[in-house]
Amino acid sequence: MAVIVAAGGDPSGLAAKSATAIIPIVFGIGGDPVKAGLVSSFSRPGGNVTGVTLLTSLMEPKRLGVLRDLVPGAALIGVLINPDFPPAALAIGQRIVIAKASNDDALEIAFGSLVQEGAGALLVASDPYFDTRRERIVGFAQQRRLPAIYQFREYAVAGGLLSYGVSITEAYRQYGAYTASILKGAKPADLPVLQPTKFELVINLKTARALGVNISDNLLTLADEVIE
């Protein structure tokens, strides 16, 4: 039996679904699969499609809260979002300046906007495009000495101050488990859409020292990983 694994986001899942109504499909997306039209419901996907959603955009308020606790003196927080990525809408109660980018030229303009507006900290919203420009975005934050928070551990490893979000390793384990179940005879319609069960806070202390940011003992205690 063949199984299509579409872990590249909403478009790849929809493309796979439109291509076949017979071959089982296991998707991996960051948004809501019901709103995206991939499944009928989380508990009863229906048809030949099921998978894993990271619901990354729902983490933005939590990330903002962590950033505000870290930099309480920042009157203005910059938020970098991709206007072409629907889950980028934010529901946060803080004075912010929004910088939008969905390509490299727009990213440079967004950087300039954040500097001009005088952002004192930065929240990088969850977005596949930003993930492909990880080093560039982290480099900007380091150059401008901006305390910044990101969605995945990989940003902190690349030199970002801290990240908070779902574990990609755990998500891929879930993809693999569902794929194996289907290969053994399970039907996608009977497998509910999986949601995140493991979250991780990663702090880069080397970057904190370089930025002159004090990481509280409480935050260090909560961290799943501290990069020295």
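**Ground rules.** I number residues from 1 along each chain as its sequence is written, and my side-chain values use heavy atoms, with hydrogens and water left out. As the model is predicted, local features need pLDDT of at least 70 and side-chain atom pairs count only at pLDDT 80 or more, while totals for chains, interfaces and linings use all residues. Helices (H or I, at least four residues) and strands (E, at least two) are DSSP runs, numbered from the N terminus.

**Ser-126.** I found Ser-126 in the loop between strand S6 (121-124) and helix H4 (128-132). Its relative accessibility is 1%, so I log Ser-126 as buried (buried is under 20% relative accessible area, exposed over 50%, partly exposed in between; 1.4 Å probe, protein chains only). Its side chain makes a polar contact of 3.3 Å with that of Thr-56 (a pair of N or O atoms within 3.5 Å; within protein, one must be able to donate a hydrogen and the other to accept it, and residues adjacent in sequence count only if both atoms are side-chain atoms).

Most residues other than glycine have a negative phi. Leu-55 lies in the loop between strand S3 (49-53) and helix H2 (60-70), and is buried at 15%. Arg-145 sits between helix H5 (134-143) and strand S7 (148-150), and is partly exposed at 48%.

**Helix H7.** Among the buried residues of H7 I noted Glu-170, Gln-174 and Tyr-178. After H7 comes Gly-185, with a positive phi near 120°.
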